[in-house]
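Me: Hey, can you walk me through this one? I'll just ask things as they come up.

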Amino acid sequence: MPTPSMEDYLEKIYSLIEEKGYARVSDIAEALAVHPSSVTKMVQKLDKDKYLVYEKYRGLVLTPKGKKIGKRLVHRHTLLEEFLRLIGVDEEHIYKDVEGIEHHLSWESITCIEYLMAYFEQDPQRSVELLRIKQEDEQKEEES
Ligand SMILES: [Mn+2]
């Protein structure tokens with residue numbers, strides 16, 4: 001299993017390749033706000049663990065194993081963002097909160113959150129009700 005830090009890299013590499021068709025060390029460094037030498041080190045580790053193949057002048061290519069896990073990690077991130085948005089978390093907190101929790105949930109918990117999302121999607125009234133409870137509580141707070 002990849003470590004949380006490896007997961008961050010695989011997630012970012014996968015989405016860069018999806019968006020641009022390639023992922024350069026400099027792009028990864030910028031996206032993760034880290035030094036390029038840290039990227040090179042991690043990319044070598046991911047290569048050693050068979051998540052990708054890294055050739056200095058040709059760039060990096062995800063292996064089938066790297067693609068599979070990268071796709072799952074990107075999906076997990078998106079799902080958690082949608083989940084926090086649905087339960088009414090402020091937009092300004094969403095990205096950071098997801099970055100904070102995504103590596104610490106089991107895949108079972110992720111699957112259960114997927115079911116919860118399906119529950120809300122089946123009847124849009126359900127999320128309206130949820131947000132009504134939130135609003136009422138916020139109003140009470142203001143009045144007290
Ligand atoms: Mn993420």
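Me: Let's start with Glu99: what's its relative accessible area, and what does that make it?
Reply: Keep in mind that this is a predicted model. Glu99 has a relative accessible area of 23%. The cut-off for buried is under 20% and for exposed over 50%, so Glu99 counts as partly exposed.

Me: Ok, and where is the place of Glu99?
Reply: Glu99 is in helix α5.

Me: Which residues does Glu99 touch, leaving out those up to four places away in sequence?
Reply: With those left out, Glu99 touches Asp8, Glu11 and His77. With His77 there is also a polar contact, side chain to side chain, at 3.1 Å.

Me: Now the metal. Which residues are the protein donors of the manganese ion?
Reply: The donors come from Glu11, His77, Glu99 and Glu102.

Me: Why is the arrangement of the six donor atoms called irregular?
Reply: Because the angles they subtend run from 51 to 149°. For comparison, ideal angles for six octahedral donors are 90 or 180 degrees.

Me: How are the donor residues spaced in sequence?
Reply: The pattern is E-x65-H-x21-E-x2-E. Glu11 and Glu102 link distant parts of the chain, being 91 residues apart. Glu11 is in helix α1 (residues 4–20), while Glu102 is in the loop between α5 (91–101) and α6 (107–122).

Me: Are Glu11 and Glu102 buried or exposed?
Reply: Glu11 is buried, and Glu102 is too.

Me: Switching to the records: where does UniProt place the "binding site" feature?
Reply: The unreviewed UniProt entry puts it at Asp8, Glu99, Glu102 and His103. Those residues span 96 residues in sequence, but no two of their C-alpha atoms are more than 9.6 Å apart, so they gather at one spot. From this set, Asp8 and Glu99 are in the lining of the largest pocket.

Me: His103 is new to me. Where does it lie, and is it buried or exposed?
Reply: His103 lies in the loop between α5 and α6. Its relative accessible area is 15%, so His103 is buried.

Me: What about polar contacts of His103 with the side chain of Asp8 or of Arg76?
Reply: The side chains of His103 and Asp8 are joined by a polar contact of 3.0 Å. The side chain of His103 also makes one with the side chain of Arg76, at 3.5 Å.

Me: Last one: which residues does UniProt list for "domain: HTH dtxR-type"?
Reply: The unreviewed entry lists residues 1–63. That stretch is 60% helix and 13% strand, with its end C-alpha atoms 15 Å apart.

Terms used:
Residues are numbered from 1 along each chain as its sequence is written. This is a predicted model: local features need pLDDT of at least 70, side-chain atom pairs count only at pLDDT 80 or more; totals for chains, interfaces and linings use all residues. Side-chain values use heavy atoms; hydrogens and water are left out. Donors are N, O and S atoms within 2.8 Å of the metal (3.2 Å for Na, K and Ca); water is not among the atoms, so sites may look incomplete. Four donors count as tetrahedral if all angles lie between 85 and 135 degrees; four count as square planar and six as octahedral if opposite donors are over 155 degrees apart and all others between 65 and 115; anything else is irregular. Helices (H or I, at least four residues) and strands (E, at least two) are DSSP runs, numbered from the N terminus. Buried means under 20% relative accessible area, exposed over 50%, partly exposed in between (1.4 Å probe, protein chains only). UniProt positions are given in the numbering used here, feature names are shortened, and annotations may be inferred rather than shown by experiment. On a 1 Å grid over the protein atoms alone, a cavity is a set of points where a 1.4 Å probe fits but cannot get out, and a pocket is an open set with protein on both sides within 12 Å along at least five of seven lines; lining residues have an atom within 4 Å of a point. Contact means heavy atoms within 4.5 Å. A polar contact is a pair of N or O atoms within 3.5 Å; within protein, one must be able to donate a hydrogen and the other to accept it, and residues adjacent in sequence count only if both atoms are side-chain atoms.
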